[in-house]
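Open the model in your viewer and keep the selection panel at hand. The stops below say what to pick and what is there.

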Amino acid sequence: MPENSAAILKADHLGRSVGTRILVEDINFEVPAGRVLAIAGPSGSGKTSLLRLLNRLDEPTAGTVYFEGFDYRAIAARELRRKIGLVTQRPFLFPGTVADNLRFGPAQRGESISVQNIDELLRRVGLEGYSSRTVTNLSGGEAQRVSFARTLANSPSVLLLDEPTSALDEESRVGVEAVIRNTVVDSNLTCVLVTHDMSQAVRLAQSALVLDSGRVARYGLITEVLHAY
Amino acid sequence: MLTRLFHSQLELGLAQAAAAFITAFAVVIFGRRRGIHLERETLIAMLRGIVQIVAVGFVLLALLQAPNWSSGFLLAGMIVAAGSISARRAKGIPGAFRISVTAVALGAGSVIAFMSGLGVINAAITSLVPVGSMLIANAMNTNGLALNRLRSDIIGKVGEIETALALGADAKTSVAPYMQASLESSLIPAIDSLRSLGIVWIPGLMAGMLLSGSRPIYAAIYQFVVLAMIFAASGLTAMISTLLVRKRIFSPADQLILRADAA
């Protein structure tokens, strides 16, 4: 591992297979607090499968993940998922307003989120004044920003981003990438970013892991990994 | 006229069947003159119909002589068959057969037992089995509709469900909108039956009671009783089966394990 600071997230011989099909196998990496790790690789290489294991949406069939030094199977799944937030490739927004979506996560713990906090989250993702809009009237880029803010409303320690710009047009992609830079990189939020765009990985991440057929092909500092290509 | 000629009920029945047969076949002959050829098909259908329904008559004859406690076995057999048939609508849901049998047994079975205990359903086998079978059959249909809708909703909304889970929701919350939709849609036929009672249709049970000499007002009230029991049995069955399905499609760590490729 290239960095020396303590890892907040560590995959230890992590693997998952379904029947005879191996999705990911023997994955090892560490993400220090405040750093961004990019996971790259061709389609079908296991990027999304790996990300789903990191917040335990799927169960590993080999190895485990350590979160803040603890085997994550010892942490209640709901609490783990709050702390390791996920932004999916497609923003699946719930029916209702933008504010309703932002309230969803905290409400699961019996907490409420103030109007000021909602406005602040929307300001961070560049959607000031969108609070009372219904989600059906949003563009793809706006919906992805709401999805981003909704995950941030849970105050996660680690953010998992699954190709958050791949379904967007160029203008929206630039906007969402700016949001990632502002909210993750500049705020020192720990992040694992799945992307097929190596130039995006260079812009946002300090280290990279390249997957090929479910196994680690390269892992190291972003510049080292990039040199290999 | 026939009632004057035939004094035995069996002879009268055969004569009435012959009259109905001749009338039906006259329509076929009339159709033949218009170029519609249904003779063979109609003849086979009518012969088959009379054989089947007389066979059912023999079964009912045996039931009339059977002790009341044997209705429990008959209803239990019907529940297993109903569970098996409605489970086919839940392809891909793990344990669908067991879930369906349990739901129909607890849903329809408890309504039958409770209403029999109250005296709403006569405990005599000739009353308990037909009325009980109506409750079980309707519970079966509702269960099949509920499971089918729930399965297709969950497979179509995996993204939304997993988004909710990823935000810290539990399994119950993540599928709550789809559970509600499946329950509501499965109960539409039962609700519409109650709503349209007497306006759009006069159900067979009421017609049968009138034919057997019951007073029209009592026959009408009892028909409502049966439909209300059907609604209760169907609703309870669908609630139980969807709850049991929810337990089977999530892992203990609230991971959705039902996938389109498994269904």
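Buried means under 20% relative accessible area, exposed over 50%, and partly exposed in between (1.4 Å probe, protein chains only). This is a predicted model: local features need pLDDT of at least 70, side-chain atom pairs count only at pLDDT 80 or more, and totals for chains, interfaces and linings use all residues. Residues are numbered from 1 along each chain as its sequence is written, chains are lettered from A and ligands numbered from 1 in the order in which they are written, and side-chain values use heavy atoms, with hydrogens and water left out.

**Stop 1: B:Ala15**

Select B:Ala15. Its relative accessible area is 13%, so B:Ala15 is buried. It lies in helix H2 (residues 9–33) of chain B; helices (H or I, at least four residues) and strands (E, at least two) are DSSP runs, numbered from the N terminus. Leave aside the neighbours within four places in sequence, and B:Ala15 is in contact with B:Leu2 and B:Phe6. Contact means heavy atoms within 4.5 Å. B:Ala15 and B:Thr3 are twelve residues apart in sequence and 9.4 Å apart in space, C-alpha to C-alpha.

**Stop 2: the contact of chain A and chain B**

Show both chains. Chain A brings 19 residues to the contact and chain B brings 16 residues. The area buried between them is about 1600 Å², with 55% from carbon and sulfur atoms. Buried area is the accessible area (1.4 Å probe) that two parts lose on being put together, summed over both. Pick A:Arg78, A:Arg81 and A:Phe92: they supply 34% of the area that chain A buries against chain B, more than any other three residues.

How many salt bridges lie between chain A and chain B? The count is two. A salt bridge is a side-chain nitrogen of Lys or Arg within 4 Å of a carboxyl oxygen of Asp or Glu. Select A:Arg52 and B:Glu162 to see a salt bridge at 2.5 Å, N to O.

Next, the polar contacts. Eight residue pairs are in polar contact across the interface, both residues at pLDDT 80 or more. A polar contact is a pair of N or O atoms within 3.5 Å; within protein, one must be able to donate a hydrogen and the other to accept it, and residues adjacent in sequence count only if both atoms are side-chain atoms.

Colour three helices of chain A: H2 (77–83), H3 (98–107) and H5 (140–152). Each supplies at least two residues of the side of chain A that touches chain B. H2(A) gives the most, with three residues. That side of chain A divides into six nonpolar, six polar and seven charged residues. Here Ala, Val, Leu, Ile, Met, Phe, Trp, Tyr, Cys and Pro count as nonpolar, Asp, Glu, Lys and Arg as charged, and the others, Gly among them, as polar.

**Stop 3: helix H5 of chain A**

Stay on H5(A). Twelve of its 13 residues are buried, including A:Val146, A:Phe148 and A:Leu152. What covers the buried residues? Among the elements are strand S6 (84–87) and helix H4 (115–124) of chain A, together with helix H7 (158–166) of chain B.

**Stop 4: salt bridges within chains**

The structure holds 18 salt bridges over all chains.

- Select A:Arg82 and A:Glu79: a salt bridge at 3.5 Å, N to O. Both lie in H2(A), three residues apart, about one turn of the helix. A:Arg82 is buried at 15%; A:Glu79 is partly exposed at 29%.
- Select B:Arg195 and B:Asp192: a salt bridge at 3.2 Å, N to O. Both lie in helix H9 (residues 188–195) of chain B. B:Arg195 is exposed at 60%.
- Select A:Glu170, A:Arg173, A:Glu177, A:Arg181 and A:Arg203: a network of salt bridges links them.

**Stop 5: two loop residues**

Which loop holds A:Ser155? The one between H5 and S7 of chain A. Phi of A:Ser155 is positive, about 50°, although it is not a glycine. A:Ser155 is exposed at 53%.

Finish at A:Glu163, in the loop between S7 and H6 of chain A. Phi is positive here too, near 40°. Is A:Glu163 buried or exposed? A:Glu163 is buried, with a relative accessible area of 11%.
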